[in-house]
Amino acid sequence: MRLSVTPGPVAPGLQSRQVASEGRHAAVHLLLACVLSLIAGAACRQDMHDQPKIKAYREADFFADRRGMRPIPENTVARGFLNDDDHLFTGKVNGQVTDEFPFEVTREVLQRGHDRFAIYCTPCHGQTGMGNGMVVQRGFRPPPSFHTDTIRNQPVGHWYDVMTNGFGAMPDYRAQVAPEDRWAIAAYIRALQLSQRATTTDVPPDRLSELNAPQRPTTGPAVGDSGREDGGNH
Ligand code: HEC
């Protein structure tokens, strides 16, 4: 493309007009080139937009039933959802509700259970499991206390099942609480039950003397909670 012009031997007035007209021509050429390359570019892009692919729920000629989305073969299991451990995922062993935990109950597990219990269960069951949580104080049907003989004698697998599938007026918590956390909560309920019935025989002999020692003020929130009223007025 010619962008500069050499003035020829012409009259000054004519020369300047010619230069101006040549300049206009150059600009028009440039504009044309730009427009052409834009169109070419857009066409390329369009190709990529129209690439042969099947979108979810769209019809597709490729398959005999004309469904673009293929039905999932029977018994397909999503990755990570095999759940082939009955004990861990159902609370049952050989079809029987079990009183065993599927993993070791450590201090961390109990702390996790306390934490999850405080979030998901105390609104109804209360901080100590007496069944007088805030929602109950506002009129929800009171659940049974965890400290009755009936509940105390229930196997932990039953509580796992209650959390997984709900029980009577109680909704299930399977969506909110992961299986391992449900077991942690079950372990914490056992700890709560012990807390209401423990005697000096439950204390290791070498630590008995600490019971009569004056209580040290605790720093920060402790596992046993900060002595708040059950259900809370907060
Ligand atoms: C919205 C209130 C509410 C929440 C939150 C709640 N529960 Fe319950 N729960 C109930 C009620 C009400 C019952 C009694 C149901 C019935 O007998 O119809 C009950 C019963 C129970 C029982 C006794 C089952 C039996 O066999 O008698 C257990 C154990 C239990 N809940 C555990 C839990 C745990 C663990 C959580 C937290 C993950 C929880 N609940 C959260 C209301 C609640």
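The model is predicted; local features need pLDDT of at least 70, side-chain atom pairs count only at pLDDT 80 or more, and totals for chains, interfaces and linings use all residues. Residues are numbered from 1 along each chain as its sequence is written.

I then took the contact (C-beta atoms, placed from the backbone, within 7 Å). From α7 come V156, W159, Y160, M163 and T164, and from α8 come R182, W183, I185, A186, I189 and R190. I sorted these residues by class: eight nonpolar, one polar and two charged.

Next, the geometry. Helix α7 spans residues 156–165 and helix α8 residues 179–197; they pack at about 130°, axes 9 Å apart.

Which residues of α7 are buried? I list V156, G157, W159, Y160, D161 and M163 (buried means 20 or more other C-beta atoms within 10 Å of the residue's own). Their cover includes β1 (92–93), β2 (96–97) and α8. Just after α7, I noted G166 with a positive phi of about 80°.

Last, the ligand. Of the 21 residues around the ligand, C121, C124, P143, G168 and M170 come nearest (a residue is near if its C-beta atom, placed from the backbone, lies within 6 Å). Elements giving two or more residues to this shell are α4 (122–125) and α7. By class I get 18 nonpolar, two polar and one charged.

How values were computed:
Axes are lines fitted to C-alpha atoms, for helices over the stretch in contact, and angles run from 0 to 180 degrees between N-to-C directions. Helices (H or I, at least four residues) and strands (E, at least two) are DSSP runs, numbered from the N terminus. Two residues are in contact if their C-beta atoms, placed from the backbone, lie within 7 Å. Ala, Val, Leu, Ile, Met, Phe, Trp, Tyr, Cys and Pro count as nonpolar, Asp, Glu, Lys and Arg as charged, and the others, Gly among them, as polar. A residue is buried if 20 or more other C-beta atoms lie within 10 Å of its own, exposed if 12 or fewer, and partly exposed in between; C-beta atoms are placed from the backbone.
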